[in-house]
Amino acid sequence: MRPARIPVGLHVAQAARVVSRAFDEALALAGGSLPVWLVLLNIKTQQLANQRELAEAVGIREATLTHHLNAMEAEGLLTRQRHEANRRIHVVQLTDAGEAAFLRLRDAAIAFDRRLRRGFTDTELAALGDALSQLAGNVGGADGRLPWAGLAEERS
């Protein structure tokens, strides 16, 4: 017997997969990837003291972040220097090439967001955001900081 409706989890998973692939493609066309975009975004929008804070902000483990930072440093997108007062801490800064990559990926992310929002009213988008937050909350997720937290201001 077939269910009357597609199960919510399956519907969300399928939509997430399609949207995620399309976003990955949009970022790739701009010369980046989701991990690179999240690192650049958090370096630009957060006041982070070290790599540990950056890993937490991006939502990945420090070892995974180190892998991404190594690749980004090799591409000339950022530099890492030891903190003067605490040599165990690396300070991460964007280079001119990193700034340019940030702008390209920001423009791609904004264009993609416009594409996703097409055909929705502000009220519908607010309801969608609330529904997605509730779904995540129902399974015990979304209790931590998201990698893009602080990117947009909350509207009351």
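# Helix packing and salt bridges in a predicted chain

Glu73 has a relative accessibility of 31% and therefore counts as partly exposed, where buried means under 20% relative accessible area, exposed over 50% and partly exposed in between (1.4 Å probe, protein chains only). The side chain of Glu73 meets that of Arg80 in a salt bridge, with 2.8 Å from N to O. The model is a predicted one, in which local features need pLDDT of at least 70 and side-chain atom pairs count only at pLDDT 80 or more, while totals for chains, interfaces and linings use all residues. Residues are numbered from 1 along each chain as its sequence is written, and side-chain values use heavy atoms, with hydrogens and water left out.

**Fold and confidence**

- The protein chain contains 6 helices and 2 strands; helices (H or I, at least four residues) and strands (E, at least two) are DSSP runs, numbered from the N terminus.
- Read from the N terminus, the order of elements is α-α-α-α-β-β-α-α.
- Of the 156 residues in the protein chain, 25% are buried.
- Among contacts with a separation of 6 or more, 48% join residues 24 or more positions apart; a contact means heavy atoms within 4.5 Å.
- Mean pLDDT (the predictor's confidence in each residue, from 0 to 100) is 86 for the protein chain, and 87% of the residues score at least 70.
- Confidence is highest in helix α5 (residues 96–117), at 97, and lowest in strand β2 (residues 90–94), at a mean of 83.
- Where pLDDT is low, predicted coordinates should not be read in detail.

**Packing of α2 with α4**

- Two packed helices are described by the angle between their axes and the distance between the axes.
- For helix α2 (residues 34–45) and helix α4 (residues 62–74), the angle is about 90° and the axes are 11 Å apart. Axes are lines fitted to C-alpha atoms, for helices over the stretch in contact, and angles run from 0 to 180 degrees between N-to-C directions.
- The two helices, α2 and α4, are therefore roughly perpendicular to each other; angles under 35 degrees count as roughly parallel, over 145 as roughly antiparallel, 65 to 115 as roughly perpendicular and the rest as oblique.
- On the α2 side, the contact uses Pro35, Val36, Val39 and Leu40; on the α4 side, it uses Leu65, His68, Leu69 and Met72.
- These residues comprise 7 nonpolar, 1 polar and no charged. Ala, Val, Leu, Ile, Met, Phe, Trp, Tyr, Cys and Pro count as nonpolar, Asp, Glu, Lys and Arg as charged, and the others, Gly among them, as polar.

**Packing of α2 with α5**

- Helices α2 and α5 cross at roughly 110°, and their axes come within 10 Å, so α2 is roughly perpendicular to α5.
- From α2, the residues Val36, Trp37, Leu40, Leu41 and Lys44 meet Gly98, Glu99, Ala101, Phe102, Leu105, Arg106 and Ala109 of α5.
- The contact of α2 with α5 divides into 8 nonpolar, 1 polar and 3 charged residues.

**Salt bridges**

- The whole structure holds 5 salt bridges, each being a side-chain nitrogen of Lys or Arg within 4 Å of a carboxyl oxygen of Asp or Glu.
- Side chains of opposite charge can pair when their charged atoms come close.
- One of these bridges joins Glu99 and Lys44, whose closest N and O atoms are 2.9 Å apart.
- Glu99 lies in helix α5 and Lys44 in helix α2, so that the pair, 55 residues apart, links distant parts of the chain.
- Glu99 is partly exposed because its relative accessibility is 30%, and Lys44 is partly exposed at 38%.
- In the Glu73 and Arg80 bridge, Arg80 is buried because its relative accessibility is 17%.
- A bridge also forms between Arg106 and Asp107, with the closest N and O atoms 3.2 Å apart. Arg106 is partly exposed at 32% relative accessibility, and Asp107 is partly exposed at 43%.

**Leu48 and Gln51**

- Leu48 sits in the loop between α2 and α3 (51–58) and is partly exposed at 29% relative accessibility.
- The C-alpha atom of Leu48 is 8.8 Å from that of Val92, 44 residues apart along the chain.
- Gln51 belongs to helix α3 and counts as buried because its relative accessibility is 12%.
- Beyond its neighbours within four places in sequence, Gln51 is in contact with Leu65, Thr66, Leu69, Arg80, His90 and Val92.
- The C-alpha atoms of Gln51 and Val91, 40 residues apart along the chain, have a separation of 7.1 Å.
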